[in-house]
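Here is a short briefing to read alongside the model. Keep the viewer open and follow the topics one by one.

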Amino acid sequence: MAVNVEELLSRVPKGLLICGEWRDSSDGSTYEVENPATKEVVATMASGSSADALAALNSACSVQDQWAATSPRERADILRRAFELVHERAEDFATLMTLEMGKPLTESRGEVTYGAEYLRWFSEEAVRDYGHSSPVPEGTLRMITRRKPVGPCLLITPWNFPLAMATRKVAPAVAAGCTMVLKPAKLTPLTAQYFAKTMEDAGLPAGVLNVVSGESASTISNALLADARLRKVSFTGSTAVGRSLLKSASHNVLRTSMELGGNAPFIVFEDADIDQAVEGAMGAKMRNMGEACTAANRFFVHESVAREFTRKLAKRMGQLKLGNGLDEKTTCGPVIEEKALKNLDKLVEDAVSKGATVETDRRAVKKPGYFFRPTVLSNVSSRARVMREEIFGPIAPIMTFRSEAEVIELANDTEYGLASYVYSEDSDRLWRLADGLEFGLMGFNSGVISNAAAPFGGVKQSGLGREGGAEGIEEYTEVQYLGIRDPYANQA
Ligand code: NAD
């Protein structure tokens, strides 16, 4: 059933969530949220100041002990109810994401399912926070380890997956017994605000989750990172911002989780099933219009199959239907903002100036929003910016290679190490490539691999720590070791 957008927007809180109350910012300032498909303003939000950030931290600190003392089952039940509520409100969430971020409704619905899975997964993990017990080798002590919540957390999320990036942090923090301040991206706060309301409706006590978004991200984060009561920062976003947060986090020696940028190689060997590889490439490249940290950024195709792969990929990319994501027929939405659009144009110009061939239609798109036509480039030089930088848009640059050793070297020649993809029918290659590739994630004959049950995260400058999987909750806990005198042992 089609959602009434005006009525939905009227139900989304526009204020800051502090201690269970939705408030205006302390200085009355606001900022606007734009629909990238139409450039229309869809909402005006309260813009948090440093005083608001500190009020949110006060709120988180005031309930931290009480919240940590709740039973794991109680926390699990809240997450489970939230999982069910997100599904009940799936069309609301999907519509909000499409409105503020631009992706087609079918993709937004996919993100609702994916994002909700973190709530279900961590409702199950909340009650499985295992410790460890053993004697010390000398037999003098009994050793017990247990996990305790790390304490109040700052959670900073990007605009590209407005729901899933929030649930991936909020759910394990709730499961572990932490309180938090969530700072969503100012380009896409509506989904996060509606999610916070959903957590309240699921029974999360006031003060556990506080939400402060605003015009200036650093005003909010600097105030919080300077306060010794904050114990952790979990960030998903660009490597540049991640680096600066790591510096600020060093002041109070905070626990940090950093999910940063990527530059994923997509490798197609001569023995790959090419149709399957093209299908996988469409998922790995075009999910979210290419605006994903896991997006295939550099295509390396064996020279013997490069022509066939390029032709088929260009055909599929050319068939995508650009438009407003709220139109069910749209299969490719706009990119997020003007700056992104200009950068994509420059990337293509730069690649062409270094010898690349454009394999797809390059006519301008006659629509009011930030639309960029999906583009395939062949004969791309390894010096082209498009091979060195995170593209974050619908451009697929293709380079050829001759040998396995050569492609492993090419793929690793980046400071990033998040996702990688390999297509081959040779199963032994799986292990050789897994050993050779310096990436936290590898998809083998699969272009979409994110899953709440899997540990997601990068190596090198793609980040620190893992989200999801059994590892995800550990990021929100500290291990405490108890050394207990063994009454039956000879004590030294
Ligand atoms: P961004 O770094 O500009 O912003 C991310 C978040 O940080 C936003 O909430 C933003 O408001 C905030 N922020 C920006 N400057 C800040 C500052 N100085 N201090 C504190 N906070 C600040 O990134 P983006 O453009 O929103 O997202 C795209 C980036 O995120 C890409 O690099 C992408 O690869 C990365 N990303 C990574 C993952 C992952 O899991 N590794 C997932 C999604 C996106």
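Val 33 stands opposite Ala 43 in β4. This comes from a predicted model, where local features need pLDDT of at least 70, side-chain atom pairs count only at pLDDT 80 or more, and totals for chains, interfaces and linings use all residues. Residues are numbered from 1 along each chain as its sequence is written, and side-chain values use heavy atoms, with hydrogens and water left out.

- β3 and β4 pair in the antiparallel sense over 6 bridges; strands (E, at least two residues) and helices (H or I, at least four) are DSSP runs numbered from the N terminus, and two strands pair if DSSP finds at least two bridges between them.
- In a regular strand the side chains alternate between the two faces of the sheet.
- The covered face of β3 carries Tyr 31, Val 33 and Asn 35, while Thr 30, Glu 32 and Glu 34 make up the uncovered one.
- The hairpin has 4 residues between its strands, and Lys 39 takes a positive phi there, near 65 degrees.
- Ala 37 sits in the loop between β3 (30–35) and β4 (40–46).
- Ala 37 is buried, with a relative accessible area of 5%; buried means under 20%, exposed over 50% and partly exposed in between, using a 1.4 Å probe and protein chains only.
- Not counting residues up to four places away in sequence, Ala 37 touches Asn 324, Pro 334, Pro 368, Gly 369 and Phe 371, where contact means heavy atoms within 4.5 Å.
- The C-alpha atoms of Ala 37 and Ile 336 are separated by 8.6 Å, although these residues are 299 residues apart along the chain.

**The seven-stranded sheet**

- An open sheet of 7 strands runs in the order β14-β15-β16-β13-β12-β17-β18, with mixed pairing.
- Its edge strands are β14 (357–358) and β18 (441–444), each of which pairs on one side only.
- Strand β17 (residues 419–423) runs parallel to β18, and 4 bridges join them.
- Within that pair, Ala 419 stands opposite Leu 441 in β18.
- Helix α14 (residues 404–412) packs on the sheet and touches β12 (264–268), β13 (296–302) and β16 (395–401).
- The direction of α14 makes about 165 degrees with that of β13; axes are lines fitted to C-alpha atoms, for helices over the stretch in contact, and angles run from 0 to 180 degrees between N-to-C directions.

**Helices**

- The axes of α5 (residues 105–125) and α6 (residues 164–176) come within 8 Å and cross at roughly 10 degrees.
- That makes α5 roughly parallel to α6; angles under 35 degrees count as roughly parallel, over 145 as roughly antiparallel, 65 to 115 as roughly perpendicular and the rest as oblique.
- From α5, Glu 111, Tyr 114, Gly 115, Tyr 118, Leu 119 and Phe 122 meet Ala 164, Thr 167, Arg 168, Ala 171, Pro 172 and Ala 175 of α6.
- By class, the contact of α5 with α6 has 8 nonpolar, 2 polar and 2 charged residues; Ala, Val, Leu, Ile, Met, Phe, Trp, Tyr, Cys and Pro count as nonpolar, Asp, Glu, Lys and Arg as charged, and the others, Gly among them, as polar.
- Thr 191 has its place in helix α7 (residues 189–201) and counts as buried at 0% relative accessibility.
- Leaving aside neighbours within four places in sequence, Thr 191 is in contact with Phe 93, Leu 96, Met 97, Glu 100, Pro 162 and Leu 163.

**Cysteines**

- The structure holds 0 disulfides, a disulfide being a pair of cysteine sulfur atoms within 2.5 Å.
- For Cys 19, the nearest cysteine sulfur is that of Cys 61, 11 Å away; Cys 19 counts as partly exposed at 37% relative accessibility.
- For Cys 178, the nearest cysteine sulfur is that of Cys 153, 4.1 Å away; Cys 178 is buried, with a relative accessible area of 0%.

**Loop residues**

- Arg 383, in the loop between β15 (375–378) and α13 (385–388), is exposed, with a relative accessible area of 59%.
- Val 253 lies in the loop between α9 (239–250) and β11 (255–259); its phi is near 45 degrees, a positive value in a residue other than glycine.
- Asn 445 is found in the loop between β18 and β19 (463–464), and has a positive phi of about 55 degrees although it is not a glycine.
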